[in-house]
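Here's a quick briefing to read with the structure open beside you. Take the topics one by one and find each spot as you go.

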Amino acid sequence: MGEDDRHDLELHRLVSARERSAFDELYRRYARSAYGVALRVTSQDLIAQEVVQDAFLALWRAPEAFDPTRGAFRSFFLSLVHHRAVDAVRREERLRRRTERAANLEPATGEDPAEDVVEDAYLRVRRKEVRAALTTLPPAQQQVLEMAYLDGKTQARIAEELGIPIGTVKTRTLAAMRKLREALREE
Amino acid sequence: MSEDHERIDELLAGYVLLSLSGEDAAEADRILAEHVPSCGRCRATLNDLQAVSGDLALAAAPVDPPETLLPRIHRAIDEVPLAGRTPRRGALVAVAASAVALVALGGLSLVLGSRLSDAQTRAGTALEILSAMRSPGAQPVNVTPQDETPPESGMVEVSAPDVRRLYIAAEYCPEPAAGRAYQLWLGNDDGWEPVGEMFWPEDGVVLLELEVDVARYDEIWITEEAAGSPPSEPNTDGPSWFGSL
């Protein structure tokens, strides 16, 4: 476990003790990454803000949901944000289908809308590692991972859109995740 | 049983990415409940995959959120006291204010107790709604009028993961046509399921409490049906309200 992970653990402990300043520090550390992924998944800034707000509120109200024995706080929290973003985008999609209203999605935000955003050095380093690991994946594996993770699509829908068997989507997804696991494994 | 674990790994990978649906999702739920807790290999795999899933968020570019977001979160924290603590009087007032504010956001102005024909029952349900809103993860959901349904008749659904109850509140619900009543439906990938008995508004007011595990569903629909005969499918004609849970 690195120094930054240990610092996160300490901040989380303080949040559990209702220390608002520790909560604000975690916000400062993770709000940009959280908002970045929420915006990428939902493509709508208001929904992305709601997603980030809900995630931080959940952290404040139920900090015990994070189990330090199961991994880094960073992974836990960003997973929480991602889950809520995917939930939000699927809710929107269902509502749109149901009401048969015209889609009002803004075009997907550019891939790098704010690369000059100031963030903690360790997150910047980790971000580089994640992106480097992604580039080592075969394009077909990258594609299914991006469609699932960043577009919030189900494997069934990915199979349909790509015109490939769902078994192939599952195989590619697992292969990609295994490669990333090896590349990103922390000591 | 390496084949089994290969299959399980595929499901776990899809699970952490939230990309399973239908039978795969159901199978993953079973595996997570019945197999993973007793299998060290699968627990480790799940932890590893979840760590990767968390880090994948970093593949998206970081973006500065609006400066107003943190103050908004602070206000939300201050408005709703933490569950599990004995509420102080002031806190209860804050909860009530918060509830009314949230209901008002749904296009309603629910004034507790002022328009209720069966005051005790209605007030009890209203207090249950307030209590539900204090639960961790509680989220009010707008159940919005569809098509020709009067736009001012919006309803609000409140539920929380640990409450296992669903509440519906509305103030300006129109009377159904003669011989008809409203039915609440909950939907998921398996279709729509009627929940609870049919109901009518009283002076436009609806306050419902239903015992149901809302986590199993992702959509809510209220439709007008022929009174007295339990419907098998939602009626797509007439007034209706829809919301995503």
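Two residues are in contact if their C-beta atoms, placed from the backbone, lie within 7 Å. Keep in mind that you're looking at a predicted model. With that contact rule, 61 residues of chain A are in contact with 44 residues of chain B.

**Where the chains meet**

**Chain B in outline**

- Chain B has 6 helices and 8 strands.
- Walk along its sequence and you get the pattern α-α-α-α-α-α-β-β-β-β-β-β-β-β.
- Chain B has 245 residues, and 37% of them count as buried.
- Take the contacts in chain B with a separation of 6 or more: 61% of them are between residues 24 or more positions apart.

**Two loop residues with positive phi**

- Ser43(A) sits in the loop between H2 and H3 of chain A. Its phi is near 60 degrees, a positive value in a residue that isn't glycine.
- You'll find Leu18(B) in the loop between helix H1 (2-16) and helix H2 (22-34) of chain B.
- Leu18(B) counts as buried because it has 21 C-beta neighbours inside 10 Å.

**A helix pair in chain A: H7 and H8**

- H7(A) and H8(A) pack with their axes 8 Å apart, at an angle of about 115 degrees.
- Why call the pair roughly perpendicular? Angles of 65 to 115 degrees count as roughly perpendicular, so H7(A) and H8(A) get that label.
- Their crossing is right-handed.
- On the H7(A) side, the contact is made by Gln155(A), Ala156(A), Ile158(A) and Ala159(A), while H8(A) brings Ile166(A), Val169(A), Lys170(A) and Thr173(A).
- By class, this contact has 5 nonpolar, 2 polar and 1 charged residues.

- H3(A) has 17 residues and reaches 24 Å from its first C-alpha to its last, close to the 24 Å expected at 1.5 Å a residue.
- The buried residues of H3(A) include Val51(A), Val52(A), Phe56(A), Leu59(A) and Trp60(A). Asp54(A) and Arg61(A) are among the buried ones too.
- Next, look at Phe66(A), in the loop between H3 and H4 of chain A. Phe66(A) counts as buried because it has 20 C-beta neighbours inside 10 Å.
- What does Phe66(A) touch, not counting residues up to four places away in sequence? It touches His12(A), Phe73(A) and Phe76(A).
- Phe66(A) and Leu9(A) are 57 residues apart along the chain, with their C-alpha atoms separated by 9.9 Å.

Key. Residues are numbered from 1 along each chain as its sequence is written. Chains are lettered from A and ligands numbered from 1 in the order in which they are written. This is a predicted model: local features need pLDDT of at least 70, side-chain atom pairs count only at pLDDT 80 or more; totals for chains, interfaces and linings use all residues. Helices (H or I, at least four residues) and strands (E, at least two) are DSSP runs, numbered from the N terminus. A residue is buried if 20 or more other C-beta atoms lie within 10 Å of its own, exposed if 12 or fewer, and partly exposed in between; C-beta atoms are placed from the backbone. Axes are lines fitted to C-alpha atoms, for helices over the stretch in contact, and angles run from 0 to 180 degrees between N-to-C directions. Angles under 35 degrees count as roughly parallel, over 145 as roughly antiparallel, 65 to 115 as roughly perpendicular and the rest as oblique. A crossing is left-handed if the near helix is turned anticlockwise from the far one by less than a right angle, and right-handed if clockwise. Ala, Val, Leu, Ile, Met, Phe, Trp, Tyr, Cys and Pro count as nonpolar, Asp, Glu, Lys and Arg as charged, and the others, Gly among them, as polar. The expected span of a helix is 1.5 Å times one less than its number of residues.
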